[in-house]
Amino acid sequence: MKIIVTKDYEELSASAAKVMLEVVKNNPYAVLGLATGTTPLGLYAYMIADHEKYGTSYAHVRTANLDEYKGLAKTHPQSYAYFMRKNLFDGLDIDPENTNIENGMAEDEAKECARYDELLEQLPRDIQLLGLGSNGHIAFNEPGTPFGSGTHVVTLAESTVKDNARLFDDISEVPRKAFTMGIRQIMQAKKILILASGANKAEAVCKMAKGEVTESVPASVLQLHPDCTLIVDRAAAANL
Ligand code: GLP
């Protein structure tokens with residue numbers, strides 16, 4: 001795992017943008033695995049600024065997102081589908097038809113997971129962007145998820161519900177279940193870019209990068225990926 005430590009969040013976002021934009025500029029037909037959460041927001045702002053200033057086109061780019069809350073429609077302001085439109089896609093020339101995410105409203109869970117698995121087979125990702133949960137999760141693969149897992153429905157860990165409550169009016173509104181891409185599919189990406197910012201991620205960062213590779217720290221599997229870059233700011237790198 002290549003580790004880049006930046007002085008702050010701003011530098012982290014600029015550094016992440018360099019990695020992501022290299023992929024898009026080298027291949028107009030790139031397939032991007034994308035993530036939600038507050039960590040990639042700075043990177044997404046850089047991608048939009050670059051598109052506006054230099055005209056980098058996403059007309060042929062396709063995307064697949066990691067996860068979606070169960071029970072939230074794509075029009076719901078807290079859904080990840082909405083998040084992606086608002087924070088990235090609306091600022092680019094990407095065709096909405098080329099963007100993919102699990103359907104949080106799907107009633108048949110098994111069928112939806114099979115649909116997404118099939119789609120991911122057809123869309124080998126050139127790069128997979130990841131954030132890191134404070135409990136070491138990637139996407140919504142909580143501690144204990146088998147490394148071989150495909151798309152599945154997960155009951156969120158109590159710590160995840162608490163972490164994500166800040167984005168809702170009240171903790172009771174945070175969905176308890178979500179669809180998530182599996183660890184096997186995350187590991188299939190050609191390149192992985194994982195970002196972590198802030199002191200509350202320091203312990204998880206250390207376990208992920210320097211600890212034992214174990215299913216109780218899902219992100220530790222990334223130590224086994226041949227092309228994984230971790231970008232962390234100083235606060236998140238404190239325990240490295
Ligand atoms: C959520 C998402 C993850 C994300 C994590 C960290 O649980 N499912 O994909 O990486 O939160 O979020 P943040 O970047 O806001 O700290």
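A residue counts as near a molecule or strand if one of its heavy atoms lies within 4 Å of it. Keep that in mind for the first stop. The model is predicted, so local features need pLDDT of at least 70 and side-chain atom pairs count only at pLDDT 80 or more, while totals for chains, interfaces and linings use all residues. Residues are numbered from 1 along each chain as its sequence is written, and side-chain values use heavy atoms, with hydrogens and water left out.

**Stop 1: the ligand**

Select the ligand and the residues around it. There are 13 of them, and Thr-38, Thr-39, Asp-67, Arg-166 and Lys-201 come nearest. Now look for polar contacts. These are pairs of N or O atoms within 3.5 Å; within protein, one must be able to donate a hydrogen and the other to accept it, and residues adjacent in sequence count only if both atoms are side-chain atoms. Show the side chain of Lys-201: a polar atom there lies 2.7 Å from a ligand oxygen. Arg-166 also has a polar side-chain atom 2.8 Å from an oxygen of the ligand.

**Stop 2: helix α3**

Helices (H or I, at least four residues) and strands (E, at least two) are DSSP runs, numbered from the N terminus. Select residues 80–87, which form helix α3. Which residues of α3 are buried? They are Tyr-80, Ala-81, Phe-83, Met-84 and Asn-87. Buried means under 20% relative accessible area, exposed over 50%, and partly exposed in between, with a 1.4 Å probe and protein chains only. Look down the axis: these residues cover an arc of only 160 degrees, which puts them on the same side of α3. The arc is that of the directions from the helix axis to the C-beta atoms. What covers them includes β2 (31–34), α2 (41–54), β3 (62–65), β4 (67–69) and α5 (158–164).

**Stop 3: a three-stranded sheet**

Stay with β4 and colour its sheet. This open sheet has three strands in the order β4-β8-β7, paired antiparallel. Two strands pair if DSSP finds at least two bridges between them. At the edges are β4 and β7 (152–155), each pairing on one side only. Neighbouring strands here are turned by 25 degrees against each other on average, direction ignored. Next, select β8, residues 177–180: three bridges join it to β4. Tyr-69 stands opposite Ala-178 of β8. Axes are lines fitted to C-alpha atoms, for helices over the stretch in contact, and angles run from 0 to 180 degrees between N-to-C directions.

**Stop 4: Asp-126 and strand β6**

Follow the chain from α4 towards β6, and Asp-126 turns up in the loop between them. Is Asp-126 buried or exposed? Asp-126 is buried, with a relative accessible area of 15%. Its side chain reaches the backbone nitrogen of Val-31 at 2.8 Å. Contact means heavy atoms within 4.5 Å. Leaving out residues up to four places away in sequence, Asp-126 touches Val-23, Asn-27, Ala-30, Val-31, Lys-190 and Lys-191.

Now show the side chains of β6. Ile-127 and Leu-129 point one way, Gln-128 and Leu-130 the other, and all are buried. β6 runs parallel to β2, with two bridges between them. Gly-33 has Gln-128 as its bridge partner. β6 also runs parallel to β9, joined by three bridges. There Leu-129 stands opposite Leu-193.

**Stop 5: Thr-145**

Move on to the loop between β6 (127–130) and β7, and pick Thr-145. Thr-145 is buried, with a relative accessible area of 9%. A polar atom of its side chain lies 2.5 Å from the backbone oxygen of Glu-142. Beyond its neighbours within four places in sequence, Thr-145 is in contact with His-152, Ile-183 and Glu-215.

**Stop 6: helix α7**

Finish at residues 202–210, helix α7. The buried residues there are Ala-202, Ala-204, Val-205, Met-208 and Ala-209. Seen down the axis of α7, they fall within an arc of 160 degrees, so they line one face of the helix. They pack against β1 (2–6), β9 (192–196) and β10 (228–233).
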